[in-house]
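Hi everyone, thanks for coming. I'd like to walk you through one model today, so please have a look at the picture and then we'll go through it together.

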Amino acid sequence: MRKLEPIQLKAWALPLVVMGLIAPPIAAFALAGPSAGLAVGALAAAAIVVIAARATFDEEIEVGASPGDHYMLLVVVTETVEDPGVAGAIAEVATAGGDATGADPDRAPQVLVLAPALNTPVAHWLSDLRKARLDAQRRLAVSLGTLAAAGVDARGQVGDSDPVQAVEDSLRTFPAQEVVFVTGPDHDRQVAEVRRRLDRPVRMLEAGARVAERRRSL
């Protein structure tokens with residue numbers, strides 16, 4: 001079954017959408033009585049739920065002030081880092097980033113590995129995150145081990161079930177100068193959204209492909 005694409009809204013558009021949805025029930029109450037008003041109101045409520053579920057806000061992702069003396073890299077793993085080649089590519093990104101930004105060579109790059117708690121639609125609506133968080137923790141543990149074997153000293157955390165929201169949350173407290181996604185084609189849309197909304201380089205490494213990289217900078 002084809003997934004529904006999210007509706008992209010500007011922040012100022014939401015009040016107009018809400019007004020457009022609540023005005024018909026009010027008019028129905030006034031012109032046709034309570035029965036018609038309740039029926040139209042139920043339809044409006046259903047429309048609000050659908051729009052809220054699919055809405056995304058196309059605003060720039062805010063990032064905290066980055067320190068000038070060391071390089072910070074955010075690695076987002078929607079797929080497990082198991083291939084030494086992918087881990088080696090991440091190590092190269094961290095080293096090259098520190099050199100390019102003029103970070104203190106005596107200070108190792110700070111690397112944060114973020115594992116979004118990917119969830120099924122049904123479990124998400126039931127607010128059941130237990131399996132999603134366990135899967136994310138396993139993905140994170142294996143990824144950290146593979147990176148450690150490649151000489152990358154990293155720490156990790158589990159994030160929101162939406163990879164974009166997970167990145168946005170993390171960048172508030174971990175102001176990375178660059179973001180690397182280790183993912184597959186199922187998450188191309190999320191990677192593209194982060195690239196569009198973030199004012200710094202975003203890379204994508206395909207899990208399972210030996211150093212298969214696609215890079216695009218804003």
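Let me begin with R197, which counts as buried at 8% relative accessibility. For the cut-offs, buried means under 20% relative accessible area, exposed means over 50%, and partly exposed is in between, with a 1.4 Å probe and protein chains only. A word on the source: this is a predicted model, where local features need pLDDT of at least 70 and side-chain atom pairs count only at pLDDT 80 or more, while totals for chains, interfaces and linings use all residues. Residues are numbered from 1 along each chain as its sequence is written, and side-chain values use heavy atoms, with hydrogens and water left out.

So what does R197 pair with? Its salt-bridge partner is E193, with 3.1 Å between the closest N and O atoms. By salt bridge I mean a side-chain nitrogen of Lys or Arg within 4 Å of a carboxyl oxygen of Asp or Glu. E193 is buried too, at a relative accessible area of 7%. Helices (H or I, at least four residues) and strands (E, at least two) are DSSP runs here, numbered from the N terminus.

This pair belongs to a network: salt bridges that share partners join E168, D169, R172, R189, E193 and R197. Within it, R172 bridges to D169, the closest N and O atoms being 2.9 Å apart. Those two are three residues apart in helix α6 (residues 163-173), again about one helical turn.

Now, how do α6 and α7 pack? Their angle is about 35° and their axes are 9 Å apart; axes are lines fitted to C-alpha atoms, for helices over the stretch in contact, and angles run from 0 to 180 degrees between N-to-C directions. P163, V164, V167 and E168 of α6 meet Q190, E193, V194 and R197 of α7, where contact means heavy atoms within 4.5 Å.

R203 and E178 form another salt bridge, 2.5 Å from N to O. R203 lies in strand β7 (residues 202-206) and E178 in strand β6 (residues 178-183), so this pair ties together parts that are 25 residues apart in sequence. Both R203 and E178 are buried. The whole structure has nine salt bridges.

β6 and β7 themselves pair in the parallel sense over five bridges; strands pair if DSSP finds at least two bridges between them. V179 stands opposite V202 in β7. The chain goes from β6 through α7 to β7 in a right-handed β-α-β crossover, meaning that with the strands pointing away from the viewer, the path from the first strand over the helix to the second runs clockwise.

β6 also pairs with β3, parallel and over five bridges, and V75 has V180 as its bridge partner in β6. Strand β3 (residues 72-77) has six of its six residues buried. Five bridges also join β3 to strand β4 (residues 110-116), running parallel, with L74 partnered by L112.

Thanks, and I'm happy to take questions.
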